Amino acid sequence: MSQETRFVQDIADQEDDFSRWYTDVVLKAELADYSPVRGCMVIRPYGFALWENMRDALDSRIKATGHVNAYFPLFIPESLLKKEAEHVEGFNPEVAWVTAAGDEDLEERLAIRPTSEVMILTMYSKWVQSWRDLPLLINQWANVVRWEKRTHMFLRTTEFLWQEGHTAHRTEQEAQEEVLRMLEVYRDFVETELAIPLVLGRKSESEKFAGAQATYTIEAMMGDGRALQAGTSHGFGQHFAEAFNISFLDMDGERRNAWTTSWGMTTRLIGALIMTHGDASGLILPPRVAPHQVVVIPIFRKDDEEERVREAINEITQRLAGQVRLHVDWSEHTPGWKFNEWELRGVPIRLEIGPRDVAAGQATVVRRDTREKQAVPLGELATRLPALLDDIQHALFERALAFRESRTHQISSIDELAAQIEQERGFFWAVWCGSAACETAVKTRTGATLRCLPLEGGDGVGPCLVCGQSGGKTAIFARAY
RNA sequence: CGGGGAUUAGCGCAGUCUGGCAGCGCGCCUGGUUUGGGACCAGGAGGUCGCCGGUUCGAAUCCGGCAUCCCCGACCA
């Protein structure tokens with residue numbers, strides 16, 4: 001990249017080494033840092049402010065759909081965890097255990113929750129007696145621990161923060177509606193707030209959650225063409241209700257098992273945000289969740305200039321209070337240094353105020369995504385800035401969507417997939433017969449996994465990309481994080 | 001968990017092969033000049049050389065173990 005556009009030299013080149021670029025951005029933008037604990041990171045104040053904005057936007061949507069928040073214990077007694085065989089087997093290798101307190105061994109080991117189905121559904125069995133107790137719609141914001149072999153900042157860490165919703169319903173249809181409703185809530189949240197375009201779909205048998213009857217997913221494409229699962233919604237049928245005895249007397253006097261669901265979204269989304277919108281200069285944050293939406297850079301030479309600039313900035317701050325999240329950088333770095341710094345940290349709009357601007361009664365406004373520069377009269381900032389933030393939000397989505405389209409291909413055979421994915425990563429739509437053997441064949445040969453069976457688009461007409469049989473479904477294959 | 005690489009000042013690195021005073025650039029502190037795309041001059045501070053042990057008169061350097069990070073794979077959602 002040329003020197004004119006590449007101002008930041010201390011992060012790796014995106015095309016050259018995407019993985020290194022990602023790590024550099026996370027560290028240099030001060031989103032997170034490594035900790036002395038393997039696989040565990042520290043989310044720094046800037047990263048946490050971002051997470052808080054994301055969390056609040058999702059939380060209000062969860063509440064708007066009738067759910068309430070609660071909090072359940074971090075520890076799960078071993079005997080409880082073992083109640084649902086398929087579930088425990090799925091998570092077993094990743095579970096961390098507490099075996100002692102002080103010098104005394106515990107009588108029963110305690111698992112540190114990898115997820116809370118077991119704990120929450122155990123409580124539900126106490127709370128559900130009648131059909132009138134249903135539906136039960138509870139969400140919790142919590143940390144969970146999964147002992148992953150290989151970790152990566154935000155994308156896969158040993159401990160992470162998330163939201164897990166757990167619901168119980170009277171009928172299968174209600175539960176199914178809930179699973180899809182929350183998938184839609186996720187879509188709205190991710191596309192509206194994070195400006196990340198999604199594909200909604202169902203997971204194959206081999207990819208679904210341990211113990212689930214059906215797993216639905218939202219899949220996003222990262223800047224290197226790889227897929228990232230950004231959230232999931234599971235239907236459990238009556239499977240868990242049987243294991244945990246969540247039964248109720250129905251309207252007709254019959255005792256029945258409830259239908260349960262769960263759905264979750266994690267700090268991994270921060271990784272998705274970075275890898276979807278970032279560029280050669282670093283992070284680009286969507287205005288709706290950016291900790292600072294506008295950063296103000298004062299420019300002056302002499303004391304009298306500083307005085308006038310300060311006055312103008314005070315006036316701007318007052319005028320914009322409550323309208324935009326604004327940060328004034330009064331630090332002693334030079335303006336050029338600040339430009340680079342705040343670009344690296346992804347602030348959507350930079351506002352420069354210097355003597356020339358003050359004299360003209362204007363501010364110089366620069367947007368992060370295009371670097372387009374314009375002079376805006378001070379009196380118009382209160383209307384122009386929110387409009388510009390809106391504009392950037394939409395432009396980011398459109399750009400990400402256009403990128404995904406350019407990397408999405410229809411393919412008809414595994415040979416074609418192998419050849420194309422070697423050239424360039426992306427999403428590959430194909431017809432798949434539904435057999436696990438063909439799914440495995442694709443993974444072994446191409447490194448791509450079956451991301452989902454999309455809910456929209458794809459008619460499933462044609463021969464399976466591996467075995468050639470007809471009567472299959474449309475599936476999306478991609479290399480994934 | 002397997003293979004490879006790394007760990008030296010806040011950050012990036014040289015020094016390790018061939019054992020002998022702890023170095024460079026950036027950053028940081030003080031003073032001054034500066035400030036519209038990573039300013040300049042002068043002075044200064046900052047190190048258990050990742051940790052534990054061994055060899056040696058002497059270890060950043062050689063040997064053994066461990067920890068953390070990165071890359072590739074296996075595993076996992």
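Author: Buried area is the accessible area, taken with a 1.4 Å probe, that two parts lose on being put together, summed over both. The model discussed here is predicted.

Reader: What is the area buried between domain 1 and domain 2, and what share of it do carbon and sulfur atoms give?

Author: Chain A is divided into domain 1 (18–277), domain 2 (294–403) and domain 3 (408–478). The contact between domain 1 and domain 2 takes 18 residues from domain 1 and 11 residues from domain 2. Between these two domains the buried area is about 1,200 Å², and the share from carbon and sulfur atoms is 60%.

Reader: Which three residues supply more than any other three of the area that domain 1 buries against domain 2?

Author: The C-alpha centres of domain 1 and domain 2 are 38 Å apart. Of the area that domain 1 buries against domain 2, 38% is supplied by three residues: Tyr46, Pro197 and His277.

Reader: How many salt bridges does the rule find across the interface of domain 1 and domain 2, and how many residue pairs are in polar contact there?

Author: A salt bridge needs a side-chain nitrogen of Lys or Arg within 4 Å of a carboxyl oxygen of Asp or Glu. Arg345 and Glu30 meet that cut-off, with N to O at 3.8 Å. Across the interface the count of salt bridges is one, and the count of residue pairs in polar contact is four.

Reader: Which helix gives the most to the side of domain 1 that touches domain 2?

Author: Helix H2 (45–64), H6 and helix H8 (268–277) each supply at least two residues of that side. The residues of this side of domain 1 divide into eight nonpolar, six polar and four charged. With three residues, the helix that gives the most is H6.

Reader: Which residue, 206 places away in sequence, lies 7.4 Å from Glu191, C-alpha to C-alpha?

Author: Glu191 has its place in helix H6 (residues 172–193). Leaving out residues up to four places away in sequence, Glu191 touches Ile196, Pro197, Leu198 and Phe397. The residue at 7.4 Å and 206 places away is Phe397.

Definitions and conventions
Residues are numbered from 1 along each chain as its sequence is written. Chains are lettered from A and ligands numbered from 1 in the order in which they are written. This is a predicted model: local features need pLDDT of at least 70, side-chain atom pairs count only at pLDDT 80 or more; totals for chains, interfaces and linings use all residues. Side-chain values use heavy atoms; hydrogens and water are left out. Helices (H or I, at least four residues) and strands (E, at least two) are DSSP runs, numbered from the N terminus. Contact means heavy atoms within 4.5 Å. Domain bounds come from an automatic or database domain assignment. A polar contact is a pair of N or O atoms within 3.5 Å; within protein, one must be able to donate a hydrogen and the other to accept it, and residues adjacent in sequence count only if both atoms are side-chain atoms. Ala, Val, Leu, Ile, Met, Phe, Trp, Tyr, Cys and Pro count as nonpolar, Asp, Glu, Lys and Arg as charged, and the others, Gly among them, as polar.
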